[in-house]
Amino acid sequence: MSIGNLPVMAHDMALMIKAEVKRDLLYMKRYPLEIISFMFFMFLILIAIIYGIDFLLPKGSGISDKGNKEKLVLGYCLMQFVMATQMGWSGQIQNESQTGTLEQLSISGHSLGGVLFARGIAHLPRQTITFYILLALYRIALPGSAISLNHMLAGSLDLLIMAIGIFGISYIFAGITLLFKRVGFFFQIINFAFLGLFWIDRAKLPEILQNIYDHFPLTVGMSRLMQTLTDPVIGSPYSMIEFIVYSFLFMAVGWFCFSRMERTARSYGLLSQY
């Protein structure tokens, strides 16, 4: 790849993103009931968790405290944001492999990794809107919440940077899907583990896990969003520069792992109809 090809590659990426945005808008127009029912179902689960905690655990027991409850709610909404990307990329590969179009993508002029990246960018607006709708519904159902939507612009910037790190994780998941195809339940277990990661007390972790926690884009983004949407005056212990570096580092590692796994899948003939 030469520097002279960068404008051409950027133009091709812009065309792919434009096509994927049109594709996503067509999906929302054709299947509005599925999107609405998904958000309603996720909201019901969230409310059931909150009321269940209040009913089963006494006040002062830890998770039932107000601050921890807000962190749980924000973590749950973030889990949906993460799942929409990770499960979306791996699910798309499974669908492509079943219909035979995965082979067409693999031999097209566009790289499979580039197509996934364009889809991720195109789906970000819908995922961000869904995130804020879930938070707004939570505030309506449980008034007095410390979560405020007055700083949505700053929160959206944190979500965008976090999405870059999520793309790196999604690339690894997509590469695993190329090799093993049926991995949906495995990824669901991991995504629910992310919910616990959002709520876990960092101070109780071993030192090596604390270091991972401090550099993981999801936990860094969770910390920044928690301060932005609850108490923006205090600010997050993680600077914006650190956040950007961690996210792009995970993106680069994920892209590298995906490229290696794609090469392995190609060598074993796994990119054809499955």
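Phenylalanine 167 is buried, with a relative accessible area of 1%; buried means under 20% relative accessible area, exposed over 50%, and partly exposed in between, for a 1.4 Å probe and protein chains only. The model is predicted, and local features need pLDDT of at least 70, side-chain atom pairs count only at pLDDT 80 or more, while totals for chains, interfaces and linings use all residues. Residues are numbered from 1 along each chain as its sequence is written, and side-chain values use heavy atoms, with hydrogens and water left out.

The protein has 10 helices and 0 strands, and from the N terminus on its elements run α-α-α-α-α-α-α-α-α-α. Helices (H or I, at least four residues) and strands (E, at least two) are DSSP runs, numbered from the N terminus. Of the 274 residues, 43% are buried. Among contacts with a separation of 6 or more, 77% join residues 24 or more positions apart; a contact means heavy atoms within 4.5 Å. The accessible surface comes to about 14500 Å², and carbon and sulfur atoms hold 69% of this area. Accessible areas come from the Shrake-Rupley method with a 1.4 Å probe, and for residues only the protein chains shown count as cover.

The aromatic rings come next. A pair of aromatic rings is described by the distance of the centres and the angle of the planes. Rings of Phe, Tyr and Trp (its six-membered ring) pair if their centres lie within 6.5 Å; planes under 30 degrees apart count as stacked, over 60 as edge-to-face and the rest as tilted. By this rule the protein contains 7 aromatic pairs. One of them joins phenylalanine 117 to phenylalanine 167 in an edge-to-face arrangement, 5.7 Å centre to centre with 80° between the planes. Because phenylalanine 117 belongs to helix H5 (residues 112-141) and phenylalanine 167 to helix H6 (residues 152-180), the pair ties together parts that are 50 residues apart in sequence. Phenylalanine 131 and tyrosine 132 also form an edge-to-face pair, with 5.2 Å centre to centre and 75° between the planes. Both phenylalanine 131 and tyrosine 132 are buried, and together with Phe81 they form one aromatic cluster.

Leucine 116 lies in H5 and counts as buried at 2% relative accessibility. Setting aside residues up to four places away in sequence, leucine 116 touches Trp89, Gln92, Ile93, Tyr171, Ala174 and Phe258. Leucine 116 and serine 170 are 54 residues apart in sequence, yet 9.3 Å apart in space, C-alpha to C-alpha. Threonine 128 is likewise found in H5 and is buried, at 16% relative accessibility. Beyond its neighbours within four places in sequence, threonine 128 is in contact with Phe81, Ser156 and Leu159; Phe81 is also a member of the aromatic cluster.

In H8 (residues 207-215), Gln210, Tyr213 and Asp214 are buried. They cover an arc of only 95° around the axis, and therefore lie on the same side of H8; the arc is that of the directions from the helix axis to the C-beta atoms. Isoleucine 208 is also in H8, but counts as exposed because its relative accessibility is 60%. Ile208, Leu209 and Ile212 form a nonpolar patch on the surface, with about 290 Å² of accessible area together. Patches are made of residues with over 30% relative accessible area and no salt bridge, like charges being joined within 9 Å and nonpolar side chains (Val, Leu, Ile, Met, Phe, Trp, Tyr) within 5 Å. A salt bridge is a side-chain nitrogen of Lys or Arg within 4 Å of a carboxyl oxygen of Asp or Glu.
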